[in-house]
Each structure stands twice: as C-alpha cells, then as structure tokens.
Amino acid sequence: MKRLVIVSNRVPDPAAGAQAGGLAVALGGLMEKHGGLWFGWSGRVTGAGEAERRGVRRARAGAVDYATIDLSEEEHRRYYNNFANGVLWPLLHTMPELMRYDRSDAEAYRAVNKRFAAGLAPLLGADDLIWIHDYHLLPLAAALRGRGVRNPIGFFLHIPVCAPEVLEAAPEMAELLRDLLAADLLGFQTEGDLANFVAAAQTLAGATRGPLNTLLYAGRRIRLGVFPVEIAADEFARTAAEMAHLPQVRRLQRSLDGQKLVLGVERLDPSKGLLQRVDALRRLFAARGEWRGSVTAVQIAAMSREGVESYQTLRAALDRATGALNAELGTPDWQPLRLVVHGVARPVVAGYLRLARVGLVTPLRDGMNLVAKEFVAAQDPDDPGVLVLSRFAGAARQLEAALLVNPRDPDALADALHTALRMGLEERRARWRALWAAIAPRSPLLWGQSFLAALQRAVALKIPAIAAGERLPLAAGERGYAGTGERLRLSARLSFDLHGGEHEPTRPAVTGKPGRLLN
Ligand code: F6P
C-alpha cells in the first residue's frame with residue numbers, strides 16, 4: 001500500500017493553526033481523501049538555535065499526519081523573504097528588475113532545504129510516493145537523493161517559468177535546475193512553462209531531450225508534464241450562491257446603491273499588475289463619463305510578504321495611485337476605487353465575486369490564477385458577470401471566452417472594461433457557458449490524482465527503454481508535450497489509486513484542441 005507524502009513550504013498545521021495559501025487549499029482535498037503525510041514549515045519563526053533544537057513536530061488530523069519544522073528568524077528572512085520571494089519569485093515571473101540577490105541568501109535557502117531533507121528522510125517508508133511543491137523547494141529532491149532516498153519523487157511548480165536568458169540572472173540557477181532533475185516527474189501549469197524549463201535545462205544544466213516528453217540527465221530519464229491546477233467548480237458555485245446572503249455581502253451591495261461592481265481580489269504582489277489596473281481605471285473614468293457614479297471598483301489586495309522590500313514599495317505606490325485617482329475623479333458621494341489591503345475570508349470573497357459585474361484579473365504574469373476560475377464558478381448563470389483576464393495568466397489558456405487583455409496596455413484594459421460593462425445579457429451568458437464548460441469537469445482532486453498516476457508511470461517506464469516515436473500515456477487532465485506529428489491532447493484515460501496504481505476513469509473523456517508542438 002502506497003502512502004502519499006506531500007512536501008510544501010506552507011502546511012495547514014492543525015496544531016499551530018498556520019494560514020494555508022492557495023497551494024494548501026488545492027492539496028487539502030487530495031490529502032483528506034487518500035490520507036498520508038504532509039511535511040513542511042510550521043508557520044512559526046523562533047529564536048536562533050531554537051528551531052533546530054525543537055526538531056520535527058508531529059500532529060494528526062483525520063487521515064493526515066502532519067510533520068512540521070520551525071524556522072529561525074534568520075532562516076525565514078534569508079530563505080523565505082530574500083531568496084524564495086526576493087529572487088526566485090520575481091525572476092520566474094519575468095520581473096528580474098525586482099530581484100535583490102545576495103549569495104548568502106542563496107546559501108541559506110539551500111541550507112533550509114537540507115534541513116527539510118534531514119527532517120523528512122527518517123519519516124519515509126520504502127513504498128512512499130513523494131510529491132514536492134513549488135519554488136521554495138527546488139533543491140529538495142536532490143537533497144533527499146543525497147540522503148539515500150530512492151522513492152519516486154514528483155515536483156510541481158505552481159508559478160510560471162521565465163525564458164532561460166532571464167532565469168540565468170540568478171547565479172545558482174544551473175545548479176538548482178540540476179537539483180530538480182533528481183525528481184522522476186516535473187509538472188508545470190502550462191505548455192509555455194514546460195517549454196521554458198526544457199530550454200533552460202538544456203542550455204543551463206546540460207540535460208538533453210529524451211524521447212517524447214522526457215529529459216535525459218546523468219544517466220536518468222525525467223518525465224515532464226503539464227497539469228493545470230483546478231478548482232472544485234460545483235462546490236464553489238454553491239458556496240458563492242449561499243454566501244451572497246451573508247451580511248457583509250449584503251452591506252457591500254447596499255453601499256453600491258445600484259452601481260455596477262468591478263472587482264479584483266488577490267494578494268498585494270508586484271506580479272499582479274495592480275498599478276496598471278489603477279491606471280486603466282483612471283483612463284476609463286476619465287474618457288467615459290457615463291461610468292462615473294454608475295460603476296465602483298473594489299480592489300482587495302491583501303498585504304503579504306511584508307518582509308520583502310518590493311512589497312513594501314508596491315504598497316506605498318498603490319496607496320498613492322489610489323488616493324490620486326479618487327482625489328482627481330471622485331466626488332463627495334462617489335469614489336472610483338475602494339482599496340482594501342486586509343485579507344477577506346474566503347466565503348465572503350465568494351459572495352463578493354457573485355455580486356461583481358466585472359471580474360478584473362490582470363496579473364503581469366501568473367502561474368495559473370485560481371481567482372479567475374472562482375469568478376466564473378461564482379456567477380449566476382442567468383445573469384453572469386464578465387471576466388477581464390490577463391493573457392499572461394496560466395488560466396487564460398483554458399478561459400479563452402474571457403475578455404483577454406495585455407495588462408501592460410492601460411488603454412486596452414480600459415477599453416476591455418468598457419466593453420465588459422456594456423455587454424448585453426446574451427453575450428454574457430454565451431461567454432459564461434463556454435467558461436463554465438472549461439472548468440466544470442475538472443477538480444483539484446482529479447488534478448492531484450492525474451499527477452500521481454503520471455508519477456507512478458514515470459517510475460515504471462524507466463526500466464524498459466522507450467522506443468523513438470513511442471507515445472507515452474497521459475493521465476486524466478494531463479497535457480504532455482509531444483514529438484513530431486503528435487498532437488497534445490486531454491484524455492481522461494487514467495486516474496490514480498494509491499492502493500494499486502491505475503484504473504478506469506469515473507468521468508467521461510475530454511478531448512482538447514491540438515496544442516503547441518514543441519519539436
Ligand atoms: O504558488 C504560489 C503560492 O505559494 C501559493 O500557493 C500561495 O497561495 C501563495 O503563493 C502564498 O504565498 P506565501 O506562502 O508567501 O504566503
């Protein structure tokens with residue numbers, strides 16, 4: 001019987017009540033259903049030496065074992081703030097100008113990954129399947145291998161991959177890419193991310209292309225795949241419909257007094273295009289007088305990563321830009337933009353999303369962006385709102401019926417807002433139906449199961465050599481990249497069973513349109 005071991009920086013530690021991010025939400029259902037071990041940071045920052053002294057703390061909730069370690073103040077600053085979020089995050093989001101590099105931070109990042117490996121290795125059993133998540137833990141697979149761990153290891157990157165020339169700006173990148181190649185399966189959000197990774201692994205790390213969707217490195221074959229993260233659309237739709245009656249949601253509705261709501265919801269983050277959004281709103285209200293007093297924008301930009309300089313700078317700039325917009329165009333009884341920098345509870349957000357006439361999701365670059373999918377799920381099918389979505393969010397690959405925009409072109413963004421606000425019921429319904437069809441048949445559970453099925457196959461397929469031109473099977477929801485003449489496809493052929501491998505699907509097959517050929 002195989003046990004699933006998930007490793008991520010943030011863990012919903014039941015003992016500490018640590019805050020879980022989108023990643024933890026995506027994985028929660030999989031862990032609840034299959035059980036297993038979840039290893040990561042406890043969310044606690046302690047004094048120097050204390051974190052190591054305390055070691056690994058265990059807790060159990062339902063079928064899930066949690067094992068967490070604390071970080072010292074210095075580890076947290078250097079590993080989490082300075083390197084993960086001050087170097088890797090901006091770089092991978094193609095914002096190298098925001099990167100603040102210091103070699104000692106890179107060393108601390110590697111040291112924390114080694115501490116993760118040291119804490120996790122003794123807890124592993126021979127049959128465990130290990131699934132590592134995200135940019136905080138790029139060196140972990142190699143650190144585990146260095147400790148003699150031979151279990152199947154999968155790695156999924158939740159954020160985008162930039163072009164190799166940008167990636168190279170971090171001096172450690174070649175080494176970090178080689179560390180990643182210690183895993184058996186590498187998963188990405190989009191074909192573009194996968195293609196950038198393949199290019200970087202070849203040019204920077206010395207890997208070579210294997211047959212079909214594999215890379216060859218150090219005598220090993222590493223499988224790659226595309227696994228877009230999904231939401232539980234039905235469940236979110238039900239929640240949003242219920243939460244529309246919450247007192248907080250009703251209060252927002254009353255305060256709008258019949259005006260249309262343009263809503264943005266995210267963490268305050270330089271990748272989210274918040275300043276460009278304010279600029280676009282200014283242009284909209286300045287050029288189109290009819291919307292003054294009849295439309296209000298609400299931007300929830302929950303403060304995050306406050307220890308990172310670029311986040312503090314952005315907060316100040318956003319305050320200034322919002323103040324300037326409201327001062328310039330606002331009147332005593334109308335403000336164009338209401339900015340909220342506190343977090344809002346998820347159910348309340350669901351209710352707000354249902355209320356919105358326009359969902360404004362315009363990151364400069366985003367791995368996936370689940371808010372875009374949640375906005376779609378939250379709509380009333382009879383009277384849905386319009387999604388204005390950045391072309392540079394991973395979600396745009398699936399949500400093609402949204403109004404797709406370049407977030408760096410404020411006039412185009414203002415035009416898209418105008419179009420969205422004027423859009424008639426028939427077009428809104430037609431677009432919404434297409435968007436719903438793109439998200440409804442999927443779920444985070446299927447996403448997780450398809451990744452794990454692919455991981456099992458990646459390990460199984462390693463022993464016999466793969467003949468040139470042979471087609472590797474794809475899992476439910478997975479999009480592999482293909483050799484000459486082979487089309488990318490979606491195929492709900494396999495699902496994952498932790499107790500015995502692959503079995504027949506429970507959902508009908510979905511055939512996608514041909515994707516981009518990488519050969
Ligand atoms: O993948 C990006 C991500 O790790 C999400 O999973 C999560 O919602 C977000 O960033 C939160 O980041 P942090 O852990 O820094 O609060």
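The following legends describe close-up views of a predicted model.

View 1. The ligand is surrounded by 11 residues, and the closest are Arg10, Gly22, Tyr80, Asp134 and Arg305. Sorted by class, this shell comprises 4 nonpolar, 3 polar and 4 charged residues.

View 2. A polar side-chain atom of Tyr80 is placed 2.4 Å from an oxygen atom of the ligand. For Asp134, a polar side-chain atom lies 2.7 Å from an oxygen atom of the ligand. Leu23 contributes through its backbone, with an N or O atom 3.0 Å from an oxygen atom of the ligand. The ligand taken alone exposes 390 Å², of which the protein buries 82%. Two or more residues of the shell around the ligand come from each of helix H1 (22-34) and helix H3 (73-92).

**View 3. The open sheet of 10 strands.** Its strands follow the order S3-S4-S2-S1-S5-S6-S7-S10-S9-S8, and the pairing is mixed. Ile132 has Phe155 in S6 as its bridge partner.

View 4. Helix H3 touches strand S1 (4-10), strand S2 (36-46) and strand S4 (64-72), and its direction makes about 95° with that of S4. Helix H8 (residues 191-203) also packs on the sheet, where it touches strand S7 (185-188), S8, strand S9 (214-217) and strand S10 (220-226). The direction of H8 makes about 155° with that of S10.

**View 5. The open sheet of 6 strands.** The pairing is parallel, and the strands are arranged in the order S13-S12-S11-S14-S15-S16. Strand S13 (337-340) and strand S16 (403-405) are the edge strands, each pairing on one side only. From one strand to the next, the twist averages 20°. Ser390 stands opposite Val405 of S16.

View 6. Helix H10 (residues 247-256) lies across strand S11 (260-267), strand S12 (295-302) and S13, and runs at about 155° to S13. Helix H14 (residues 370-378) lies across S11, strand S14 (358-361) and S15, with a direction at about 170° to S15.

Key
Residues numbered from 1 in each chain as written. Predicted model: local features only at pLDDT ≥ 70, side-chain atom pairs only at ≥ 80, totals over all residues. Heavy atoms only, no water. Near = heavy atom within 4 Å. Polar contact = N/O pair within 3.5 Å; in protein donor to acceptor, adjacent residues only side chain to side chain. Areas by Shrake-Rupley, 256 points an atom, 1.4 Å probe, with all protein chains shown as cover. Helix = DSSP H or I, 4+ residues; strand = E, 2+ residues; numbered from the N terminus. Nonpolar A, V, L, I, M, F, W, Y, C, P; charged D, E, K, R; others polar. Pairing = 2+ DSSP bridges. Axes fitted to C-alpha atoms, helices over the stretch in contact; angles between N-to-C directions. Contact = heavy atoms within 4.5 Å.
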